[in-house]
Amino acid sequence: MHRMHGSGYFRLREGAKVWVFVWLIALAAGWLLPPAPAMAHAGLLQAVPAAGSELAEPPSAVTLTFNERLETGVYYLRVYDMEKRKVTERPAAMNEARTTVTLELPELGKGTYLATYHVISADGHPVQGSYLFAVGQSLDAPSAANANEALEQMHRHGGELATGLGTRDVLQFAARIAFFISMLTLTGWALWYRWFALGRQEALRAKLGKVQAGLQQLYAVAYILFMGAHLGDLIGDGGTEGLISLFTKTTIGPAWLAGLVLALLSFVCLQRGPWLTYIWVAAVWLGKSLLGHAAAFEPKSQTLLLDWLHLGASAVWVGGLVMLLYLFRADQEAARPLLPAFSSAALLSIIVLAVTGTLSAFIFLPNIEYVLETAWGRWLLVKTGVVLLVVITAALIRYAYRKKQERTVGLLIRLDAAWMASILIIVGIFTYLTPMPSNAPLQWHVMGERIHMTTQISPNAPGVNDFTVKVWLLEQFGPPKQVIVKLQSPDTPDIAPFEVPVTPVEDTSVDEDFGMKRYTFKAKGPYLPYAGTWHIEVRVMNSQDDETVYKKEIRIY
């Protein structure tokens with residue numbers, strides 16, 4: 001871009017070019033991101049019956065328990081049979097704690113069934129999923145093969161259960177990043193306009209005012225696109241009724257509408273007195289906090305305050321840096337008095353960002369080691385590294401300014417702006433990832449010459465779990481003489497191992513026999529009482545007193 005010497009109109013067009021460039025960066029980043037299902041914020045802790053269950057008797061209900069509060073207005077839980085028909089039209093119910101969804105079922109016959117759900121977590125993010133279970137047969141039974149394939153096709157490729165990935169996911173990421181960047185830039189610019197521009201010459205005020213008007217337009221457009229990109233996921237297949245419920249029976253719907261109203265009110269509030277500007281800016285930050293992680297964690301008052309301060313510090317830094325960059329290109333004389341003020345404000349902002357970000361991470365993560373075990377944590381570490389580069393660049397800017405090296409100052413400000421854009425894109429990504437790692441049912445199979453063993457734990461989370469051990473032995477050995485399952489936490493070596501009291505059960509499911517006879521043992525109970533690393537030991541003794549020992553380490557969250 002050329003140095004701007006023309007009218008304010010041409011300067012505004014130069015600013016628009018910058019924003020087009022930012023949107024292109026956001027869109028490109030979207031293509032590099034993981035698929036949308038990885039973004040789920042509420043995690044499914046337990047499903048009854050569990051995914052992949054092979055039940056001898058039909059269940060009376062399907063119950064899903066999540067790790068955080070859910071919105072009550074828009075959710076569903078449905079069960080389909082082998083012909084892709086709903087087994088009941090009865091709606092699901094949510095408990096008072098808003099963490100469990102239950103669907104009462106009629107008497108189910110023999111066959112394969114698909115449970116599918118759609119909920120909205122308390123921080124405003126849609127969560128959906130599907131899984132299969134069987135009644136009176138194995139999921140691998142020949143009679144169920146076609147049904148399983150049909151249900152999986154329904155889940156993956158069409159109809160109301162589709163969760164296909166593609167352009168929509170990319171556009172959602174781009175919309176989020178663009179919304180976040182435009183929100184911080186506008187609110188920060190509005191503050192600096194009040195603090196710096198109003199005491200300057202009328203011509204300079206007019207220039208900065210035109211840029212602010214352009215930022216207001218961009219923010220309104222970005223917010224509308226942000227809403228439009230996510231409404232479909234929020235209401236699922238609820239249609240018009242789901243849309244009405246979203247805005248009348250949830251907290252997230254009104255928060256979205258309030259944000260849209262605030263975006264439009266910027267054209268009124270920012271043209272009035274300073275206090276109306278400050279109130280508008282503070283309300284925008286609060287609205288963003290209500291649409292993020294802070295709304296889903298306790299104590300909510302503290303998490304919302306920390307997030308509000310974090311957004312405020314970010315906006316002061318971003319808005320000031322964008323104004324400084326603009327002035328260095330448009331009018332370097334006007335940029336000189338802004339630089340020392342921005343330098344001091346940026347230092348304070350970085351301190352506030354570091355404190356509030358650290359405190360929030362400790363609230364979000366019960367174990368700080370989880371930072372290394374989630375995409376959210378890894379993006380946070382990348383962001384921290386870029387912030388360190390910002391601090392180094394800021395120190396170099398202050399040094400070059402004191403030495404009156406204006407050319408160097410200009411180059412460093414551009415570099416600082418590049419770090420800023422990187423941080424905003426990173427934040428736009430990891431803000432919509434869940435801080436907590438998710439648990440998955442354990443399916444552990446070991447082959448051998450004379451014995452095979454499978455151990456299953458579901459949901460494989462702290463609390464009550466279903467334990468299943470399947471043993472295949474050569475026919476001449478008969479049933480195993482003894483099967484012992486022990487669980488030991490290396491994190492607490494002073495606590496003796498838990499012994500899981502597995503007992504033999506009749507198993508009507510169909511598994512590969514491997515030329516051997518299968519024996520099944522089960523137990524249910526709270527034998528994984530807390531999160532952490534666990535050592536599993538399975539001992540199988542055959543009728544000839546030959547013992548085979550299996551050991552495995554797992555991590556649950």
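Modeller: Happy to! Some terms to begin with: buried means under 20% relative accessible area, exposed over 50%, and partly exposed in between (1.4 Å probe, protein chains only). This is a predicted model, where local features need pLDDT of at least 70, side-chain atom pairs count only at pLDDT 80 or more, and totals for chains, interfaces and linings use all residues. Residues are numbered from 1 along each chain as its sequence is written, and side-chain values use heavy atoms, with hydrogens and water left out.

Biologist: Thanks. How many salt bridges does a search of the whole structure find?

Modeller: The search finds 7, a salt bridge being a side-chain nitrogen of Lys or Arg within 4 Å of a carboxyl oxygen of Asp or Glu.

Biologist: Which residue does Lys481 pair with?

Modeller: Its salt-bridge partner is Asp545, with the closest N and O atoms 2.7 Å apart. The two lie 64 residues apart, Lys481 in the loop between β11 (463-473) and β12 (482-488) and Asp545 in the loop between β16 (532-541) and β17 (547-556). Strands here are DSSP runs (E, at least two residues), numbered from the N terminus.

Biologist: And is Lys481 buried or exposed?

Modeller: Lys481 is exposed, at 54% relative accessible area, while Asp545 is partly exposed at 43%.

Biologist: New topic: what about Glu537?

Modeller: Glu537 forms a salt bridge with Lys551, at 3.9 Å between the closest N and O atoms. Glu537 counts as buried because its relative accessibility is 17%, whereas Lys551 is exposed at 63%.

Biologist: Which residues are linked in a network with them?

Modeller: Salt bridges link Glu537, Arg539, Glu547 and Lys551 in a network.

Methods: Helices (H or I, at least four residues) and strands (E, at least two) are DSSP runs, numbered from the N terminus.
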